[in-house]
Amino acid sequence: MITKRPLRRLPDMVDPDTTPDHSSRTLLRWLWRAYLNRHLWMLLLATFFMALEGSMLGLLSWMMKPMFDQVFLAGDQSALWWVGLVILGIFLVRAGASVVQKVILTRISQQSEADMRGDLLSHLMRLDISFHQVNAPGTLMQRVIGDVSAVSQVWNAIITGAGRDLVAVIVLFGVAMSVDWRWTAVALIGVPLLVLPSLVAQRFVRRHSRTAHQIAARQSGRLDEVFHGIVPVKLNRLEKYQSRHYGKLNSERVEIEVRTSLGKAAIPGLIDAMSGVSFLGVLIYGGGEIISGEKTVGEFMAFFTALGFAFEPLRRLGTITGVWEAAAAGIERVMELLAREPIYKSPENPVAAPTGTPAITFEAVDLSYGDAEVLRATSFTAKAGKTTALVGPSGAGKSTIFNVLTRLTDPHNGQALIGGVPVTDIALTDLRDLFSVVSQDAALFDETLRENILLGRTNISDVDLKSVLDAAHVTDFLPHLPDGLDTLVGPRGSALSGGQRQRVAIARALLRDTPILLLDEATSALDAQSEAVVQAALERLSEGRTTLVIAHRLSTIRNADQIIVMDAGQVVESGTHTELLALDKVYASLHNMQSST
Ligand code: ADP
């Protein structure tokens, strides 16, 4: 009885239109624990310099009092010097503190952004293939690059705000209070009126920023598809269609960004309006006291300068909530991704991987995707050190056998064993160290040929490398490359031919030197000459290893020690080429069909 499981497609989608609503406290606490508390000392230092920078404004406004009362009104020449020098000092301290805090803050914000990017990449590589099948590479790139950049915005806005602007506002209001607390109270009378509109604006910004992030992800997904599929796009004349589609996303994005900016600008706008009312109030209320001589002009100037200076930092503080809400929409997407766990994980108490050259056994393995049964009571043994071929029509379940063996997916019933050990009992890293895979898709990177073969290994001597290159028949085509081993192979190895890419994959497999070799239709896309060379390299590679090979062209597996014939997820025949021909059933008819074509 096969246990039906729903398609894993839906739960793995990361871009649903309703991202869970995280409270700002939850997000900030997570950010602090995951990325910030490691910079505590640097943060304190930056805060100190920001506070210094912020408090200088208070001092400056306070200096208005002696400047007006002693210098201008009383005409005290000697005071001119000390007042002037103190003001110069204030500006110098402010300039120095500003430079130092900016540099420290950039380090912290860039470092936490870099850490988050690194974590996201490592994490995304751990997630299951079912996740990657439903989340386009472009969308994930946008997560790693775009959403994460929100973090540095947050630090710049919040830390600068909290450190510099808040201190500035507090000190400036302190100066204002020291002049007259009643004037200050009149100036602040409108503040409570700001609370409700700011809350509304915050929700508005978060909602729209979330949509903006989703559109950005869809845009980069589309770009990735277009650039990867540039040849079919050109040949099918899809340029206009693609431009139109991208253009639609562009317009949506413009619209949403404009709305977000409206929400972000609303709060500083309200502060502007409130400040105007405050000035008017204080002027009417306090002006009379100056005229009547109750207060000096210096006091009045100090008060107004303090209020005037407070205006800018107050406005900036007003933008913080907007910046935070916009960034929070990105951060919650990152947090949600990082919280996602792969389904296929290492067991809690792994056993040691088998040593030597192990046999591979499938015991009554059932696996289905939704209603589609892909493997049905599949059982077979691939003998240790021998070559076993899997053949059968497309969709028979051959690749799924590889996926179960390497634990890219787990069966619902039955088990796969390597050297008698169930694959689910072995730590994932140990399990994957048992295999080398050579398939049509030899994942090459935009690096030199040497780097593509060594993949970070530094302990390979030139002699060993040479023998590997010879065995993989890479040496054959080296003279045709402009810089030999140091030739750049282009994005995804585009400067090499299909056969050359596969020989690189074979060289990698030889270096990995694993006991099990998985070959997936490795030669099916090659011309006859390349196929012969690659085949020779593969035969050399499979010597002394347990080899499982999926082949469409039966000619390539004629000499296999065992051939397993699959159809609709079941093993229908097995034996050697000669035995299966003699049986005169599925294999024989496949063979006859291929021979006649
Ligand atoms: P083969 O390698 O023999 O061509 P596969 O093992 O690749 O066959 O696939 C067997 C069947 O499983 C196919 O019908 C395929 O459509 C289906 N299948 C494979 N992967 C998935 C998936 N992630 N979701 C749904 N169906 C899948």
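Here are some quick notes on this structure and its ligand.

1. First, the ground rules. This is a predicted model, where local features need pLDDT of at least 70, side-chain atom pairs count only at pLDDT 80 or more, and totals for chains, interfaces and linings use all residues. Residues are numbered from 1 along each chain as its sequence is written, and side-chain values use heavy atoms, with hydrogens and water left out.

2. On confidence, the protein averages a pLDDT (the predictor's confidence in each residue, from 0 to 100) of 86, and 95% of the residues score at least 70. Residues 1-13 have a pLDDT below 50, and beyond near neighbours in sequence this stretch has 40 contacts in the model (heavy atoms within 4.5 Å).

3. Two domains are marked: domain 1 covers 24-339 and domain 2 covers 360-596, with bounds from an automatic or database domain assignment. Taken over C-alpha atoms, their centres are 55 Å apart.

4. Now the ligand. There are 13 residues around it, and Gln133, Gly395, Gly397, Ser399 and Thr400 come nearest; a residue is near if one of its heavy atoms lies within 4 Å.

5. Look at the polar contacts too (pairs of N or O atoms within 3.5 Å). The side chain of Thr400 puts an N or O atom 2.4 Å from a ligand oxygen, while a side-chain N or O atom of Gln133 sits 2.9 Å from a ligand nitrogen. For Ala396, a backbone N or O atom is 3.1 Å from a ligand oxygen.

Methods
Polar contact = N/O pair within 3.5 Å; in protein donor to acceptor, adjacent residues only side chain to side chain.
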